[in-house]
Amino acid sequence: MLSAVPGPVEGLSYLPDFISIADEAHLLSKIEEIGGVELDSAAGQRIYRDRGTCAGWKDLNGRRSMYFGGTILPRTSTLVPVAMPPFMQASYPHILDKIAQLGLYDTCKTSRPNHVLLNEYLPGQGIAAHEDGDAYHPVVCTLSLGSGTILELYEYEGQATEEARTILPDPIMSIYAERRSLLVLSGAAYTACLHGIAARQVDSAEQIQRCANVRAGLTSSALPASQDVDRRRRVSLTMRHVPKVKRLL
Ligand SMILES: O=C(O)CCC(=O)C(=O)O
Ligand SMILES: [Fe+2]
């Protein structure tokens, strides 16, 4: 069940074991296939697989990322749609159908996300505190594959104005995103806060125990209590709904 995470910021929900171990392995291998460049050993040539639905991995600030669903025109926040790869939409493990069933996107035209951003984090990598912005319906779902991590929420200092906004250095709330879990950011968590992931090799037992969903007992029973956890390669799928979609002729 998707549970609201109690804490100082409203709008965070968490669902451990959203997908099975087999689903996770399947998704990771499909992502590898669609994102990767393979060397054809016989011909000694690089071959690109199925590029109809995705442009493959791109380096972004030292991390790799790619997206499904199309590109978003920055000036107008309009999605130029491209079909999702089958493993997201039409076939097993039917991730977007599972998301639709949660009812989070019932007010959106398609009742489900229409854009997916994938980020790859190697141990030691993170993402600086940021806001996702207003191109999206303010409900964002993140599925974690391969490794857990800690997502931290930050706030701006005092009565921040658009021009001079200082981010308070200490996170106001943190969440342990286990592998195979779904984390939902909405409400104030989406509109009033920033979020980021510290670039670390290890999440200490203390840091994990401080996470609001761990404290509230919302994590999977497989989470080791009071143990440091080495980060492994994590691939996150951040699923969003872009309300403005360009009509293709
Ligand atoms: O990888 C994550 O869990 C967070 C990704 C994120 O915040 C983003 O892509 O906007
Ligand atoms: Fe984000």
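Reader: What classes of residue make up the shell around ligand 1?
Author: Three are nonpolar, six polar and three charged. Here Ala, Val, Leu, Ile, Met, Phe, Trp, Tyr, Cys and Pro count as nonpolar, Asp, Glu, Lys and Arg as charged, and the others, Gly among them, as polar. One caution: this is a predicted model, where local features need pLDDT of at least 70 and side-chain atom pairs pLDDT 80 or more, while totals for chains, interfaces and linings use all residues. Residues are numbered from 1 along each chain as its sequence is written, chains are lettered from A and ligands numbered from 1 in the order written, and side-chain values use heavy atoms, without hydrogens and water.

Reader: Which residues are around ligand 1?
Author: Leu117, Asn119, Tyr121, His130, Asp132, Thr142, His195, Ile197, Arg234, Ser236, Thr238 and Arg240. To be near, a residue needs a heavy atom within 4 Å of the molecule.

Reader: Which strand gives the largest share?
Author: Strand 18, with four residues. Strand 9 (115-121), strand 15 (194-197) and strand 18 (234-240) each supply at least two. Strands are DSSP runs (E, at least two residues), and helices are H or I runs of at least four, numbered from the N terminus.

Reader: What distance separates a ligand 1 oxygen from the tyrosine 121 side chain?
Author: It is 2.6 Å, to an N or O atom of tyrosine 121. For arginine 240, a polar side-chain atom lies 2.9 Å from a ligand 1 oxygen. The histidine 195 side chain has an N or O atom 3.0 Å from one. A polar contact here is a pair of N or O atoms within 3.5 Å.

Reader: How much of ligand 1 does the protein bury?
Author: 94% of the 290 Å² that ligand 1 exposes when taken alone. Those areas use the Shrake-Rupley method with a 1.4 Å probe.

Reader: New topic. What coordinates the iron ion?
Author: His130 (NE2), Asp132 (OD) and His195 (NE2) coordinate the iron ion (ligand 2), at 2.1 to 2.2 Å. Donors are N, O and S atoms within 2.8 Å of the metal (3.2 Å for Na, K and Ca); water is not among the atoms, so sites may look incomplete.

Reader: How are the donors spaced along the chain?
Author: As H-x1-D-x62-H. Aspartate 132, in the loop between strand 10 (127-130) and strand 11 (140-145), and histidine 195, in strand 15, are 63 residues apart.

Reader: Which peptide bond is cis?
Author: The one from tyrosine 92 to proline 93, with omega near 5°. Proline 93 is in the loop between strand 8 (78-81) and helix 2 (95-101).

Methods. A polar contact is a pair of N or O atoms within 3.5 Å; within protein, one must be able to donate a hydrogen and the other to accept it, and residues adjacent in sequence count only if both atoms are side-chain atoms.
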